[in-house]
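Morning, everyone. Have the sequence and the model open, please.

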Amino acid sequence: SDQRRTKSPSVRKTPLTPYLYLWSNDSLSVADLAQPVDDSVTEVTAVAQHREVAPGEDELMNATLEVPERCGLAVPPSEFSEQGRATITFVDGTASGGLQSNATTRIEDVSSTVFNGRPAAVVTALCDYGGAYGDDVVMVYNPDLELVAVLDPGWRKDSLGGRIDDFNITSLTAFGESFHLTWDGIGLYGDATTHAGYKSGSADGDFVWDGQDFVVTDVLFHTPQGDVRMPEVSAVQDFATAISIGDDATASQSATPEAMASLSDRMRTAAATPETVREFVFAPGVTVEECVFVPPIWSDSGTVYFPSGKKIEFTPPSETRGGDVICATTGSSHDIPGSDGYQAWILLRPHEDGTFEAYKFNSYAVFC
């Protein structure tokens, strides 16, 4: 709906003077930080500060604009390309009538910023593919109505974290060429597995323009167990290496006592002699390949897919909660060359600062 968007002005603070500049639509508010705000804030017209003005909402709602291909109404979802572009005409904020039956692109929010040194409009639009699915996309237009940048999180669903069916931006704030987004509808363990079912996760993320694309610099997830950040694979690697070389004093700082005690448990595998958890999951040269949130599971067992396309056949233990993370490891002699799946994994509970507590180690190759 139109009410799920929050309009926010961009904020620019110069480092050489004690002033805060608030650029919003057609005016620039200047606050002297050394004085009480009520006495120091003054407003000047945009024309007095800039020779150009960012495109306004009224203009954009009835304009012909270049948009990303997924919003262009002419190409089916199976044929979208990230770099593709199309041109559509908005009428009262909505474009329709393309080759894709029932597909629409609707402007949901317009704010302003300064991009590449020029005033610019930041447009959030819902690109509806004409069926049950649709994604929000952010487009930046200069005063000439040229598309100068696109932030399309739909291409990053697998890497941003959690199961995301539709990328739904709930708010956006632009700080020059840096954008802060919030989004919801992130599926985590314990959530509904259907498209329309409830998804408990949401997130705040920072995206910074590097001259070519928007780079993700930080994501904070809001989960049933609280706010968490996805641990860095390198940090989990340090943990796994410590176990592999027998440095349990270091490893125990990032694991539960129960998990550390399980390292000596025997596992019935294809080996002639039962191997311990340490020998199998944390074999010498162990490598932590990738980590993801444990997704919604269809039943007591299911498949976890990783951004690489590889998977794990996974039966979650009883202590698994929404917001927990699973990391795949390789290095065991039981790894299958060329396989599309991993054999061993680590379950961990992330914290807000990016640290974690590992609580379970296991393998798909264990014989019950």
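A polar contact here is a pair of N or O atoms within 3.5 Å; within protein, one must be able to donate a hydrogen and the other to accept it. Keep that cut-off in mind for Thr 105. And note that this is a predicted model.

So, Thr 105. Thr 105 sits in strand E8, residues 104–115. Is Thr 105 buried or exposed? Its relative accessibility is 0%, so Thr 105 counts as buried. A polar atom of its side chain lies 2.7 Å from the backbone oxygen of Cys 71. That falls within the 3.5 Å limit. Who else is around? Setting aside residues up to four places away in sequence, Thr 105 touches Cys 71, Leu 73, Ile 88, Phe 90 and Gly 93, among others. The list also includes Thr 94, Ala 95, Ala 125, Leu 126 and Cys 127.

Now the nonpolar cores. In soluble globular proteins, nonpolar side chains tend to be buried together. Which residues touch the most other members of the largest nonpolar core? They are Phe 179, Trp 183, Phe 239, Phe 282 and Phe 361, out of 52 residues in that core. There is a second, separate core of 25 residues. Leu 73 and Ile 88 are in that second core, as are Val 137 and Val 150.

Next, a sheet. Four strands make an open sheet, in the order E19-E22-E23-E24, with antiparallel pairing. Which strands stand at the edges? E19, residues 287–293, and E24, residues 356–363. Each has a single partner strand, so one side of each is left without a neighbour in the sheet. On average, neighbouring strands are turned by 25° against each other, direction ignored.

Look at the middle pair. E22 covers residues 325–330, and E23 covers 344–350. Five bridges join these two antiparallel strands. Thr 329 stands opposite Ala 344 in E23.

Two more residues. Ser 262 is in the loop between helix H7, 257–261, and strand E17, 266–267. Its relative accessible area is 15%, so Ser 262 is buried; the limit is 20%. Beyond its neighbours within four places, Ser 262 is in contact with Val 277 and Phe 361. That is the Phe 361 from the largest core.

Asp 248 is in helix H6, residues 248–251. At 26% relative accessible area, Asp 248 is partly exposed. Its contacts, leaving aside neighbours within four places, are Ala 242, Ile 243, Met 260 and Arg 278. Met 260 is 12 residues along the chain from Asp 248, and their C-alpha atoms are 7.8 Å apart.

Last, the whole chain. How many helices and strands does the chain have? Eight helices and 24 strands. Of its 368 residues, 48% count as buried. Among contacts with a separation of 6 or more, 53% join residues 24 or more positions apart. The accessible surface comes to about 17500 Å², and 49% of that belongs to carbon and sulfur atoms.

That's the tour. Over to you.

How values were computed:
Residues are numbered from 1 along each chain as its sequence is written. This is a predicted model: local features need pLDDT of at least 70, side-chain atom pairs count only at pLDDT 80 or more; totals for chains, interfaces and linings use all residues. Side-chain values use heavy atoms; hydrogens and water are left out. Two strands pair if DSSP finds at least two bridges between them. Axes are lines fitted to C-alpha atoms, for helices over the stretch in contact, and angles run from 0 to 180 degrees between N-to-C directions. Buried means under 20% relative accessible area, exposed over 50%, partly exposed in between (1.4 Å probe, protein chains only). Contact means heavy atoms within 4.5 Å. A nonpolar core is a set of buried Ala, Val, Leu, Ile, Met, Phe, Trp, Tyr and Cys residues joined through side-chain atoms within 4.5 Å. Accessible areas come from the Shrake-Rupley method with a 1.4 Å probe; for residues, only the protein chains shown count as cover.
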